[in-house]
Amino acid sequence: MDERRPSLHPAVAEIRRAVRAALADLDPKATVVVALSGGADSLALAAAVAFEAPRARRDALAVIVDHGLQEASAAVAASAAETARGLGLAVRVVRVDVGDEGGPEAAARSARYGALRTEAAERAPAVIVTGHTLDDQAETVLLGLARGSGAASLQGMAAVSDLDGIPLVRPLLDVRRETTRAACTAQGLSWWDDPHNTDDRFARVRVRERVLPALEAEIGPGIAEALARTATQLREDAAAFDEMIAETIEDIVEPAEAGIAVSVAALAANPAALRHRIIRHVVAAEFHQSLTRAQTLEVARLVTHWTGQGPIDLPGCRAARVGGRIEITAR
Ligand SMILES: Nc1ncnc2c1ncn2[C@@H]1O[C@H](COP(=O)(O)OP(=O)(O)OP(=O)(O)O)[C@@H](O)[C@H]1O
């Protein structure tokens, strides 16, 4: 008789490894709240959490948010709940009311994260884990690149972020979407295919179904991994910049009437990348507005190409060079 244990499917092993590594870095007492949509990504994640959490002596819970937006949503939620119970997880199905602020997608997202946060807060200390994959990351980076929106969106999603005081963890950011499907299949788990994921009115769906495959075919394989790696690298750079900005700002920004003032000499002494970030940062911090690149460059020209130009109107404020200072004041 062959006494060897049946070998673990590589996809299941990879996802368990990713979950184990993510859990190892967290508060050892934290309950793991798995955000479960019923799709393959979060189902594979839930299965790995169901396996790993007890081994790490942690409580775990699957939370399924029913947005009530599609006719079948209650049935989808109930089926995901049954699957999660079958995995040995405690389960909560939360029905939310989705408003329409910022459009249906944004409203659903905000209701979803609100509900997940509430469930986690009730079990504090707790962390929320989601099933975002490397493919989600690559799509996010490509969409950000197309918008020309700079490091803020090119850096994609963080592996660990903060949801109003609750850690939001994405253990599968290095895992391909096809691996989550393979893991579900290997464990006999049937998942739900969200019709939104194939609705090509959404730019993300077009990127997923046409753009990334075309790039892979034309430029070579490994594009998704390369985009995800770029995000990680930019995230590191952005963290370093944030630190430098925080240190620099303390020394060079001072209050002015109805706003703030920044020393021209200090701005000039900094490299352009830091100068531009400082300008954007002070406007965001003081006036809660986000400057476009063109607006940022116009303010920077008050420092680098000063020819006596007049004040610059910006969203919610105005920038002017007054003596040795750039004054940014309310308007
Ligand atoms: N209805 C839901 N209930 C619980 N968790 C969900 C639900 N929908 C999505 N999630 C969680 O969010 C992850 C990402 O899902 P999806 O890609 O559909 O969302 P998105 O809107 O594209 O991303 P984001 O949540 O970052 O806006 C899933 O893997 C899952 O962990």
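Contact, for these notes: two residues touch if their C-beta atoms, placed from the backbone, lie within 7 Å.

I'm working on a predicted model, where local features need pLDDT of at least 70, side-chain atom pairs count only at pLDDT 80 or more, and totals for chains, interfaces and linings use all residues. Residues are numbered from 1 along each chain as its sequence is written. My helices (H or I, at least four residues) and strands (E, at least two) are DSSP runs, numbered from the N terminus.

**Entry: helix 1 on helix 7.** I looked up which residues touch here. From helix 1, Ala11, Val12, Glu14 and Ile15 meet Thr179, Thr180, Ala182, Ala183 and Ala186 of helix 7. By class, I get six nonpolar, two polar and one charged residues in this contact. For the classes, Ala, Val, Leu, Ile, Met, Phe, Trp, Tyr, Cys and Pro count as nonpolar, Asp, Glu, Lys and Arg as charged, and the others, Gly among them, as polar.

Then the geometry: helix 1 (residues 10-24) and helix 7 (residues 177-186) pack at about 115°, with axes 8 Å apart. That makes helix 1 roughly perpendicular to helix 7. Axes are lines fitted to C-alpha atoms, for helices over the stretch in contact, and angles run from 0 to 180 degrees between N-to-C directions. For the labels, under 35 degrees is roughly parallel, over 145 roughly antiparallel, 65 to 115 roughly perpendicular, and the rest oblique. I noted the crossing of helix 1 and helix 7 as left-handed. Left-handed applies if the near helix is turned anticlockwise from the far one by less than a right angle, right-handed if clockwise.

**Entry: ligand shell.** What surrounds the ligand? I find 14 residues, the closest being Ala35, Ser37, Val65, Thr130 and Gly131. Near here means a C-beta atom, placed from the backbone, within 6 Å. Helix 2 (40-55), strand 2 (60-66) and helix 4 (104-122) each give at least two residues to the shell. Strand 2 has the largest share, three residues. The shell divides into five nonpolar, five polar and four charged residues.

Entry: Most residues other than glycine have a negative phi, and most peptide bonds are trans. Arginine 57 is not a glycine, yet I read a positive phi of about 55° for it. Arginine 57 sits in the loop between helix 2 and strand 2. The peptide bond from alanine 124 to proline 125 is cis, with omega near -5°. I place proline 125 in the loop between helix 4 and strand 4 (126-129).

**Entry: domains.** The chain is divided into domain 1 (10-226) and domain 2 (257-330); such bounds come from an automatic or database domain assignment. Their centres, taken over C-alpha atoms, are 39 Å apart.

**Entry: around helix 11.** Helix 11 (residues 272-287) packs on helix 12 (residues 293-304) at about 115°, axes 10 Å apart. That makes helix 11 roughly perpendicular to helix 12, and I logged their crossing as right-handed. Arg275, His276, Ile279 and Arg280 of helix 11 make the contact with Thr296, Val299, Ala300 and Val303 of helix 12. I count four nonpolar, two polar and two charged residues there.

Helix 9 (residues 223-252) also packs with helix 11, at about 70° and with axes 10 Å apart. Helix 9 and helix 11 are therefore roughly perpendicular. In helix 9, Phe241, Met244, Ile245, Thr248 and Ile249 meet Leu274, Arg277, Ile278, His281 and Val282 in helix 11. That contact divides into seven nonpolar, two polar and one charged.
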